[in-house]
Amino acid sequence: MGKGRNTAPRDTQAVCAERELEEKKDAAGAREGQRRRQSPAERSRGGATKSPLVDAAKRCVARMELWPGIWPVLLLLFLLLLFLLPTLWFCSPSAKYFFKMAFYNGWILFLAVLAIPVCAVRGRNVENMKILRLMLLHIKYLYGIRVEVRGAHHFPPSQPYVVVSNHQSSLDLLGMMEVLPGRCVPIAKRELLWAGSAGLACWLAGVIFIDRKRTGDAISVMSEVAQTLLTQDVRVWVFPEGTRNHNGSMLPFKRGAFHLAVQAQSCPPIKTSIARRSVASLRGDVRYGCCPQCPQKG
Ligand SMILES: CCCCCCCCCCCCCCCCC(=O)SCCNC(=O)CCNC(=O)[C@H](O)C(C)(C)COP(=O)(O)OP(=O)(O)OC[C@H]1O[C@@H](n2cnc3c(N)ncnc32)[C@H](O)[C@@H]1OP(=O)(O)O
Ligand SMILES: CCCCCCCC/C=C\CCCCCCCC(=O)OC[C@@H](O)COP(=O)(O)O
């Protein structure tokens, strides 16, 4: 009996010890599970917080910690650019020209975004060209270009006519805007319509788009333009070379501009020319010559 009495508490002690051991194991397991669920950032700070906002922020930081390499690399790239761009600007004239052109195009796209809502009020209307013109006139100051216009008085004050001009680069836009007469719209290649905001601004200002690859279509658009010239008191600006030509000489003229002048009858072509070197190099003086009207008879 005594033996039995002595054994019972020992059994109970053993069971208790076993239970205690199991409980400890469970607790340790639970702690490990929680530890595994925690992000590295939480682990390093010793556990979850009460606020979900803080938890979210911690998760973000943890994600960054997962990619510790990306920030130094980005910083390095940024510093490299900071060093490389000025070096290219001062050492390579072609890189300098490239940056200037990139800014020129980017600036025009930006200005077009501003112009679109203003022009949209009137819808598609040649009067919108005035707005574009005013918005583009300052660009010459950004590049330190001094423009000299000669013979602007040759533009008749009120009658339809066709202006023909040489075409060296997309910078000709600057010269064109200096002398663009009222209610005058340029003829442009159709691809320009897809030049983002600039394309939409051109469309709103009544720029006439032609598909140069489809002569038939281009001719019928130009025939319609001839009617518009007569009925709506509009002038048209054509680059008869039909494309840009950087290399000093003039390309043979396409005939559309001259057909247009003949079809619109009393509508003389007026020749203007942009001085070559200065516009193309994006600095210095630009001379813009407007010549007397050509003979009217086709
Ligand atoms: C603040 C925000 C600002 C946002 C942006 C601001 C922008 C502001 C606006 C500025 C826009 C400026 C845009 C400037 C863009 C300049 C350009 O895109 S230049 C390129 C487009 N321009 C042209 O192509 C010039 C016009 N082209 C022609 O006139 C061509 O003749 C053609 C009609 C396209 C036909 O070309 P092609 O077939 O290659 O060549 P041709 O030998 O000339 O013609 C063949 C044939 O057809 C006869 N013909 C031509 N035209 C006519 C006609 N109107 N009517 C009847 N017949 C025609 C021609 O006589 C030939 O036949 P032939 O028997 O051999 O004589
Ligand atoms: C979301 C799309 C973004 C597209 C970005 C396109 C970048 C264009 C940016 C700005 C446009 C500036 C408008 C300049 C107007 C002058 C156009 C011009 O002079 O075109 C050349 C054309 O005469 C003859 O073309 P080709 O010599 O035949 O080739």
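Start by selecting glutamate 18: with a relative accessible area of 52%, this residue is exposed (buried means under 20% relative accessible area, exposed over 50% and partly exposed in between, with a 1.4 Å probe and protein chains only). You are looking at a predicted model, in which local features need pLDDT of at least 70 and side-chain atom pairs count only at pLDDT 80 or more, while totals for chains, interfaces and linings use all residues. Residues are numbered from 1 along each chain as its sequence is written, chains are lettered from A and ligands numbered from 1 in the order in which they are written, and side-chain values use heavy atoms, with hydrogens and water left out.

Glutamate 18 sits in helix H1, residues 2-37 (helices are DSSP runs of H or I with at least four residues, strands are runs of E with at least two, and both are numbered from the N terminus). Patch members have over 30% relative accessible area and no salt bridge, with like charges joined within 9 Å and nonpolar side chains (Val, Leu, Ile, Met, Phe, Trp, Tyr) within 5 Å.

Next, colour the spans that come from a record. The unreviewed UniProt entry gives the annotation "transmembrane region" to residues 69-90, 102-121 and 192-210; such annotations may be inferred rather than shown by experiment. Residues 102-121 are 95% helix and 0% strand, and their end C-alpha atoms are 30 Å apart. For residues 192-210 the figures are 47% helix and 16% strand, with 10 Å between the end C-alpha atoms.

Then turn to the salt bridges, each a side-chain nitrogen of Lys or Arg within 4 Å of a carboxyl oxygen of Asp or Glu. The whole structure holds 8 of them. Which side chains meet glutamate 127 in a salt bridge? One is lysine 130, at 3.1 Å from N to O, and another is arginine 183, at 3.0 Å.

Most residues other than glycine have a negative phi. For another such case, jump to aspartate 233, where phi is positive at about 50°. You will find aspartate 233 in the loop between helix H10 (215-231) and strand E5 (235-238), partly exposed at 33% relative accessibility.

Now select Arg190, Asp211, Arg214 and Asp217, which are linked in a network of salt bridges. Within that group, aspartate 211 and arginine 190 have their closest N and O atoms 3.9 Å apart. Aspartate 211 lies in the loop between E4 and H10 and arginine 190 in the loop between E3 and helix H9 (196-204), so this pair ties together parts that are 21 residues apart in sequence. Is aspartate 211 buried or exposed? Aspartate 211 is buried, at 17% relative accessible area, whereas arginine 190 is partly exposed at 37%.

For the last stop, select Lys189, Arg212, Arg244, Lys254 and Arg255, which form a positive surface patch. Arginine 212 is in the loop between strand E4 (208-210) and H10, and its relative accessible area of 39% makes it partly exposed.

Methods: Areas by Shrake-Rupley, 256 points an atom, 1.4 Å probe, with all protein chains shown as cover. Lys, Arg positive; Asp, Glu negative; His and termini not counted. Charge placed at Lys NZ, Arg CZ, Asp CG, Glu CD.
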